[in-house]
Amino acid sequence: MKKTYLSLSVLLIVLCLAASPAYAHFGMIIPSDEMVMKDDPKNIKLNLMFWHPFEGQVTPIKIKSHTAWQAAYLVGRPGLYVFYMEPEAYWEPAEDCFIIHYTKTYVTAMGEDEGWDEPIGLKTEIVPLSKPYGLYTGNVFQGVVMLKGKAVPYAEVEVEYFNQDGQVKAPTGYMITQTIKADKNGVFTYAVPRAGWWGFAALNADDKKIKRSGEEKSVEIGAVIWVRFYDMK
């Protein structure tokens with residue numbers, strides 16, 4: 001069984017919508033196929049963004065006149081592939097801090113899927129307790145929020161749906177980004193109400209600061225994971 005980590009850290013993600021500061025930014029990695037079967041095309045595409053996933057209507061490469069990024073990867077053998085992205089720090093004036101989202105997603109190929117419940121060694125990450133693919137709408141998704149290799153008790157986790165076609169309308173702004181808390185062991189649980197891609201972001205303050213105009217500014221680091229759910233037919 002092969003488990004492969006694929007870094008997309010060379011990319012600078014600086015994409016941001018003009019929206020209320022109360023709405024969440026998410027680092028995003030969305031593959032064209034997260035479960036590559038024997039007879040499926042083996043060349044997968046990955047869209048890379050820093051975005052408001054519920055509010056934005058997204059198309060490949062060009063996103064509301066902003067630039068996004070796309071990568072391609074040829075799956076050459078059975079195995080579990082973990083794609084992750086570490087962007088340069090993004091300055092958020094509304095929050096007076098820098099933001100870095102350590103974002104990952106999983107692609108399983110041709111019947112091999114061991115090792116999905118292991119950390120990959122990012123500064124902060126969500127380690128899944130539910131297999132992060134092959135999920136039905138209504139399944140719960142569980143994960144552990146990790147920071148520098150340790151679980152984060154009572155971590156706050158933001159949850160948002162990738163409203164790709166813009167068909168979903170939130171009744172109020174409070175329902176665009178939902179927030180849940182992890183337990184004392186850093187474990188959170190969320191029951192997904194709709195098919196599609198869902199993002200989970202756990203935010204913590206880094207112990208390092210970045211200078212801006214001669215002044216040290218705080219850095220918010222986010223552990224982000226994207227998981228897809230399917231309706232049962």
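In this predicted model, His 101 is in contact (heavy atoms within 4.5 Å) with His 25, Phe 26, Gly 27, Phe 50, Met 85, Pro 87, Leu 203, Glu 220, Gly 222 and Val 224, leaving aside its neighbours within four places in sequence. His 101 lies in strand β10, strands being DSSP runs of E with at least two residues, numbered from the N terminus. With a relative accessible area of 2%, His 101 is buried (under 20% relative accessible area, 1.4 Å probe, protein chains only). Its side chain reaches the backbone nitrogen of Gly 27 at 3.0 Å.

Turning to the nonpolar cores, each is a set of buried Ala, Val, Leu, Ile, Met, Phe, Trp, Tyr and Cys residues joined through side-chain atoms within 4.5 Å. The largest has 38 residues, and Ile 126, Phe 141, Val 145, Val 157, Phe 188, Trp 198 and Phe 200 have the most contacts inside it. Strands supplying at least two residues each include β10 (97-109), β18 (196-205) and β21 (219-230); β21 gives the most, with six. A second, separate core of 12 residues includes Ile 29, Val 36, Met 85 and Val 107.

The chain averages a pLDDT (the predictor's confidence in each residue, from 0 to 100) of 85, and 83% of the residues score at least 70. Over residues 9-23 the pLDDT is below 50, and it stays under 50 over residues 60-65. Where pLDDT is low, the predicted coordinates should not be read in detail.

Residues are numbered from 1 along each chain as its sequence is written, and side-chain values use heavy atoms, with hydrogens and water left out. Local features need pLDDT of at least 70 and side-chain atom pairs count only at pLDDT 80 or more, whereas totals for chains, interfaces and linings use all residues.

Definitions and conventions. Buried means under 20% relative accessible area, exposed over 50%, partly exposed in between (1.4 Å probe, protein chains only). Helices (H or I, at least four residues) and strands (E, at least two) are DSSP runs, numbered from the N terminus. A polar contact is a pair of N or O atoms within 3.5 Å; within protein, one must be able to donate a hydrogen and the other to accept it, and residues adjacent in sequence count only if both atoms are side-chain atoms.
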